[in-house]
Amino acid sequence: DRFNMIIDGGGPSGKIYVAGGGDAIKGFIENPTVDLPLKDGKLDVGGAVGANGELTLVKDLGLKEPYVGKTSLVNGEIAEDFAGYLLNSEGINNAVSLGVLTDKNGCRASGGVFVEALPSVNEYEVVILEDVISALGSFSSLLAEKPVEEIADFYFAHLNSEIFPAQEFFLRCDCSQIVEGVVQGLGEKEAEDILKEQGKVELHCDYCSKYYTYSKEDLERIFHK
């Protein structure tokens, strides 16, 4: 399955785009240099993202049409916004805790916990989970001190939890595999018009900042191979 998520809160950071599938994910923010004063000693994520907008999630589940869900942002703090999306757009009772811990050297730890309640869950288990999530506190601080398996065992073992083997995940862009398809999508006439006007057809990937430049010979290969 593949997904695309757009968070548009109207804040100074601009839109946030995230896409992924399989074992890889990529993303970018329109204005990554936004610098706001700290809020209660922490990064002011909500102030940067803004709360006057919506979260859009497009999921390709292999069906004829992709699933598209939208929900209004809660406060731009991402965790609460995604929790709101799961509840309001997909009808899933949930809890989401996310955190990033930084110091003068950059990011020390980052991560999160997603809890989704299955239809069979009872009220007693829900109360226990609420207490567990409340007790987590700063999840990024926990990650800086303990491995995730130890955290999971400490907070969720009494709920008969099972820890599956860790899966490696990569921050990786796949633009090289799709960029020629984007050129084809322009159509041969428009591509040739751009070539005449600019002397080349150049595409820029926002996710990894790579540039692709195509000559007349490249266009002939793409459109007539």
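1. Basis of the note. The structure is a predicted model, in which local features need pLDDT of at least 70 and side-chain atom pairs count only at pLDDT 80 or more, whereas totals for chains, interfaces and linings use all residues. Residues are numbered from 1 along each chain as its sequence is written, and side-chain values use heavy atoms, with hydrogens and water left out.

2. Overall form. The protein chain contains 8 helices and 10 strands, where helices (H or I, at least four residues) and strands (E, at least two) are DSSP runs numbered from the N terminus. Its radius of gyration is 22 Å, while a compact globule of 225 residues would have one near 17 Å; the radius is taken over C-alpha atoms, and the globule rule is 2.2 Å times the number of residues to the power 0.38. Along the principal axes, the C-alpha atoms fill a box of roughly 65 × 45 × 35 Å.

3. Surface and interior. Of the 225 residues in the protein chain, 29% are buried, a term that means under 20% relative accessible area, with exposed meaning over 50% and partly exposed in between (1.4 Å probe, protein chains only). The chain exposes about 14800 Å², of which carbon and sulfur atoms supply 52%; these accessible areas come from the Shrake-Rupley method with a 1.4 Å probe, and for residues only the protein chains shown count as cover. Among contacts (heavy atoms within 4.5 Å) between residues at least 6 apart in sequence, 47% join residues at least 24 apart.

4. Strand pairing around E4. Strand E4 (residues 54–60) runs antiparallel to strand E1 (residues 2–8), to which 7 bridges join it, and Ile 6 stands opposite Thr 56 in E4. Strand E4 is also joined by 6 bridges to strand E5 (residues 67–72), again in antiparallel fashion, with Leu 57 opposite Gly 69 in E5. Two strands are taken to pair if DSSP finds at least two bridges between them. The hairpin of E4 and E5 has 6 residues between the strands, and Gly 62 in this hairpin takes a positive phi near 85 degrees.

5. The salt bridge of Asp 174 and Lys 26. The whole structure holds 10 salt bridges, each being a side-chain nitrogen of Lys or Arg within 4 Å of a carboxyl oxygen of Asp or Glu. One of them is formed by Asp 174 and Lys 26, whose closest N and O atoms are 2.7 Å apart. Asp 174 lies in the loop between E8 and H6 and Lys 26 in strand E3, so this pair ties together parts that are 148 residues apart in sequence. Both Asp 174 and Lys 26 are buried.

6. Arg 221 and Glu 180. The side chains of these two residues meet in a salt bridge with an N to O distance of 3.0 Å. This pair links distant parts of the chain, with Arg 221 in helix H8 (residues 216–224) and Glu 180 in helix H6, 41 residues apart. Arg 221 is partly exposed at a relative accessible area of 38%, and Glu 180 is likewise partly exposed, at 24%.

7. Glu 202 forms a salt bridge with Lys 200, the closest N and O atoms being 3.6 Å apart. Salt bridges that share partners also join Arg 2, Lys 26 and Asp 174 into one network.

8. Cys 173. This residue sits in the loop between strand E8 (170–171) and helix H6 (175–186), and it counts as partly exposed because its relative accessibility is 22%. When its neighbours within four places in sequence are left aside, Cys 173 is in contact with Lys 26, Cys 205, Tyr 207 and Cys 208. Cys 173 and Gly 27 are 146 residues apart in sequence, yet their C-alpha atoms are 8.6 Å apart in space.

9. Ser 97. Within strand E6 (residues 94–103) lies Ser 97, which is buried because its relative accessible area is 12%. Residues up to four places away in sequence not being counted, Ser 97 touches Gly 111, Gly 112, Val 113, Leu 136, Gly 137 and Phe 139.

10. Leu 43. With a relative accessibility of 51%, Leu 43 counts as exposed, and its place is in the loop between strand E3 (24–29) and helix H1 (45–49).
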